[in-house]
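Hello,

My notes on what turned up follow below, so please keep the two side by side.

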Amino acid sequence: MARLLEIGIQLPEVERAVTWAEVKAIALAAEQAGFDSVWLGDHLLYRDQGPERAPWDVWTFLAGLAGATRRARLGPLVACTAFHPPGLLARMAAAVDELAGGRLVLGLGAGWNEAEFRAFGLPFDHRVSRFEESFEIVRRLLGGERVTFSGRFHRVDDAVVLPRPCRRARLMIGSNGPRMLAIALPHVDAWNTWYESYGNTAGGFVALNRRIDEAAAGAGRDPASIARSACVLVALGRGANERSRDGRSRPIEGPPERIAAHLGELAAAGAGEAILVVDPITERSVEELHGVLALLDA
């Protein structure tokens with residue numbers, strides 16, 4: 001019997017330095033435990049609150065995970081459209097989806113961390129307008145179109161993704177901003193929100209989800225046609241101090257029954273997927289969460 005709530009997990013980002021071997025091992029443990037999806041953050045550099053740090057390149061590691069895993073869906077949480085020209089972003093997504101046999105979910109956003117934009121010479125101004133142009137090019141190319149587009153920030157001339165993808169990768173918007181939602185909701189398959197945006201509570205998600213319903217209707221979409229995905233901060237106690245906290249979003253912690261109960265409340269609040277942001281995020285933590293999945297499957 002299918003779960004009422006699909007469960008994903010975010011792999012290590014900048015909690016500590018990790019190797020490919022560890023990332024792969026955690027992803028395989030998650031797949032073995034029954035997680036429905038695994039996700040990687042897309043960042044170039046952090047310079048706030050401590051020493052400089054960054055995750056590995058998201059697209060290279062997604063390609064590796066596409067070959068290492070067999071069942072779980074994969075995706076960036078979420079890919080910043082400003083980090084690559086849109087045509088190249090579409091090509092990379094199509095290639096990873098091919099490697100994964102159609103398991104890619106292309107999460108997209110405009111980015112927010114000014115330090116990494118500045119460090120790598122990327123413009124930080126007009127981020128939503130730049131996203132709008134990039135998003136149109138990416139989605140049309142992945143939809144199999146030949147695209148000619150001349151905007152203020154991006155231009156392509158009879159661009160096409162070849163070899164032609166067997167399918168269009170699923171699209172997910174990772175934003176709550178009104179302009180971002182108006183741009184993306186007419187086209188995406190899913191919407192995702194970070195735990196800080198709804199306070200990591202079922203009640204907070206209800207209120208935010210209602211805003212998404214209204215934005216979807218305003219964009220001409222049936223709200224029920226857009227899947228809802230929520231990141232959930234989970235602390236497992238032992239060594240649970242790697243993930244920075246905003247001081248307002250309390251992590252979900254306790255025995256498996258407590259975590260499973262919260263996820264059930266989130267499903268009742270309208271979420272179709274919960275992506276667990278686990279503190280600490282280790283192979284052992286994933287194995288411990290197997291009990292939570294077993295309760296959800298019961």
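**The second largest pocket**

The second largest pocket has a volume of about 180 Å³. Bear in mind as you look that this is a predicted model. Which residues line that pocket? On one stretch of the chain you will find R91, A94, A95, D97 and E98 among them. The lining also includes V161, L162, P163, R164, P165, C166 and R167. Sorted by class, seven of the lining residues are nonpolar and five are charged, with no polar residue.

**Helices α2 and α3**

Next, some helix pairs. Two packed helices are described by the angle between their axes and the distance between the axes. For helix α2 (residues 58-68) and helix α3 (residues 86-99), the angle is about 20° and the axes are 8 Å apart. How do these two helices run relative to each other? Angles under 35 degrees count as roughly parallel, and α2 and α3 are therefore roughly parallel to each other. Their crossing is left-handed.

To see where they touch, select W59, L62, A63 and A66 in α2, which meet L89, M92, A93, V96 and L99 in α3. This contact has nine nonpolar residues, with no polar and no charged ones.

**Helices α1 and α2**

Helix α2 also packs with helix α1 (residues 20-33), at an angle of about 45° and with the axes 11 Å apart. That angle makes α1 oblique to α2. Is the crossing of α1 past α2 left-handed or right-handed? Here α1 passes α2 in a right-handed crossing.

On the α1 side, the residues in the contact are W20, V23, K24, A27 and L28. They meet F61, G64, L65 and A68 in α2. By class, the contact of α1 with α2 has seven nonpolar residues, one polar and one charged.

**Helices α8 and α10**

Which residues of α8 meet α10? They are P256, E257, I259, A260 and L263, and their partners in α10 are G291, V292, L295 and L296. The contact of α8 with α10 has seven nonpolar residues, one polar and one charged.

Finally, here are some backbone details to zoom in on. A cis peptide bond joins L77 and V78, with omega at about -15°. You can find V78 in the loop between β3 (73-76) and β4 (79-80).

P280 sits in the loop that runs between β12 (273-279) and α9 (283-288).

D158 belongs to strand β7 (residues 155-159).

Best wishes

Conventions:
Residues numbered from 1 in each chain as written. Predicted model: local features only at pLDDT ≥ 70, side-chain atom pairs only at ≥ 80, totals over all residues. Heavy atoms only, no water. 1 Å grid on protein atoms, 1.4 Å probe; cavity = no way out; pocket = protein on both sides within 12 Å on 5 of 7 lines; lining within 4 Å. Points joined across faces, edges and corners; volume = space filled by probe spheres on them. Nonpolar A, V, L, I, M, F, W, Y, C, P; charged D, E, K, R; others polar. Axes fitted to C-alpha atoms, helices over the stretch in contact; angles between N-to-C directions. Helix = DSSP H or I, 4+ residues; strand = E, 2+ residues; numbered from the N terminus. Parallel < 35°, antiparallel > 145°, perpendicular 65-115°, else oblique. Left-handed = near helix turned anticlockwise from the far one by under 90°. Contact = heavy atoms within 4.5 Å.
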